Amino acid sequence: MLTRVGGTGAVLLLAWGIRSAKESTDMARTGTQAATSGDAVKQGRLSARPQPPPVVAPARGLLPLGLGGRRDGLLFVPRSYRVDRLAPLGVMLHGAGGNARHALSPWQKLADEAGVLLLAPDSRGLTWDLLAEDGFGPDVAFLDRALAYVFAHYAVDPGRLALEGFSDGASYALSLGLTNGDLFTHVVAFSPGFLAPAAQRGEPKVFVSHGVKDEVLRIEPCSRRLVPLLEQAGYAVRYREFDGPHTVPADTAREALDWFTAPAE
């Protein structure tokens, strides 16, 4: 067992069993069927997968998801998007009390240049279910719907699919991203507080950044404890500390996006 340590004001301890490569492969093969059940949602499992896109060229720019409800989400489609060319997709998760517009801010100005699709869902409540309810639930179900919509309408590159978040969104990105590492190839966590994956699947690459002057989620009980644990678990981690508070510096955001969109080695 690997002890997981993090902080959200207090220290959060979680036990996470490390699964064998065979177990991860077996779960990946059955994941789509399993995730149709309520139990799978509680386990943080996403069933949506990239598929051949339609031939009709969609609108570009900043678009509402249109999935209904007071809290919905946004989709950003770069000007360079083409239906005959697979595009990277970044799923952006906001911090506590935020929304989709806040979530997009680290990468939206860079997305046109990089040719990246951005999906930013709103959490169902003021923050993500894992933090608000101490377990996966309605946010997993909504994100699965949002991903299914994007995959059905856009040409998404399954080899470049990132789950990114800031603050509470970073903690959620780590937790949900490692649980669904058979879907997400990259996980980006800007100033995370903790991680609480339901399981270990796949081998997504991980980017973590944190400000040494962060007074919201202090670096010592958070990223400085999380990163070594991720490395011990076998993940390839790029870690950046910066001389600043609870924020995402522009140069850090660009480095993370360049890291995500770089050609596979």
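Me: Before we start, what should I know about the numbering and the model?

Reply: Residues are numbered from 1 along each chain as its sequence is written, and this is a predicted model in which local features need pLDDT of at least 70, side-chain atom pairs count only at pLDDT 80 or more, and totals for chains, interfaces and linings use all residues. Side-chain values use heavy atoms, leaving out hydrogens and water.

Me: How many helices and strands are there in the chain?

Reply: The chain has 9 helices and 10 strands. Helices (H or I, at least four residues) and strands (E, at least two) are DSSP runs, numbered from the N terminus.

Me: What makes the sheet, and in which order do its strands come?

Reply: Two strands pair if DSSP finds at least two bridges between them. Here 8 strands form an open sheet, ordered β3-β4-β6-β5-β7-β8-β9-β10, with mixed pairing. The edge strands are β3 (61-64) and β10 (237-242), since each pairs on one side only. Neighbouring strands are turned by 15° against each other on average, direction ignored; axes are lines fitted to C-alpha atoms, for helices over the stretch in contact, and angles run from 0 to 180 degrees between N-to-C directions.

Me: How do you know which strands β4 pairs with, and in what sense?

Reply: Count the bridges. β3 and β4 run antiparallel and are joined by 4 bridges, while β4 and β6 (residues 117-121) pair in the antiparallel sense over 4 bridges. Leu74 is a handy landmark: Pro64 has Leu74 as its bridge partner in β4, and Leu74 stands opposite Ala120 in β6. For the parallel sense, look at β5 (residues 87-93) and β7 (residues 156-166), which pair over 6 bridges; there Leu93 stands opposite Gly165 in β7.

Me: What makes β4 "mostly covered"?

Reply: Buried means under 20% relative accessible area, exposed over 50%, and partly exposed in between (1.4 Å probe, protein chains only). In β4 (residues 73-77), 5 of its 5 residues are buried. Gly73, Leu75 and Val77 cover one side, with Leu74 and Phe76 on the other. In the chain as a whole, 55% of the 265 residues are buried.

Me: Which strands does helix α9 touch?

Reply: Contact means heavy atoms within 4.5 Å. Helix α9 (residues 250-261) packs on the sheet and touches β5, β7, β8 (186-190), β9 and β10, its direction making about 175° with that of β8.

Me: How do you know the length of helix α6 agrees with expectation?

Reply: The expected span is 1.5 Å times one less than the number of residues. For the 16 residues of α6 (residues 138-153) that should be 22 Å, and the end C-alpha atoms are 23 Å apart, so the two agree. Several α6 residues are buried, including Phe142 and Leu143.

Me: Why is Ser167 called buried?

Reply: Because its relative accessible area is 8%, which falls under the 20% limit. Ser167 sits in the loop between β7 and α7 (168-179) and has a positive phi of about 60° although it is not a glycine. Ser191, in the loop between β8 and β9, also has a positive phi of about 60° without being a glycine. Ser191 counts as buried too, at 0% relative accessibility.

Me: What makes the pair of Trp107 and Phe260 stacked?

Reply: Rings of Phe, Tyr and Trp (its six-membered ring) pair if their centres lie within 6.5 Å; planes under 30 degrees apart count as stacked, over 60 as edge-to-face and the rest as tilted. The structure holds 6 aromatic pairs. Trp107 and Phe260 have 6.0 Å centre to centre and 5° between the planes, hence stacked. They are 153 residues apart, with Trp107 in the loop between α3 (100-104) and α4 (108-114) and Phe260 in helix α9. Both are buried.

Me: And why is the pair of Phe207 and Trp259 called tilted?

Reply: Their ring centres are 5.6 Å apart and their planes stand at 55°, so the pair is tilted. Phe207 belongs to strand β9 and Trp259 to helix α9, 52 residues apart.

Me: How do you know that Arg124 lies over the face of Phe142?

Reply: A charge sits over a ring if NZ of Lys or CZ of Arg is within 6 Å of the ring centre and within 35 degrees of the ring normal. Arg124 lies over the face of Phe142 at 3.6 Å from the ring centre.
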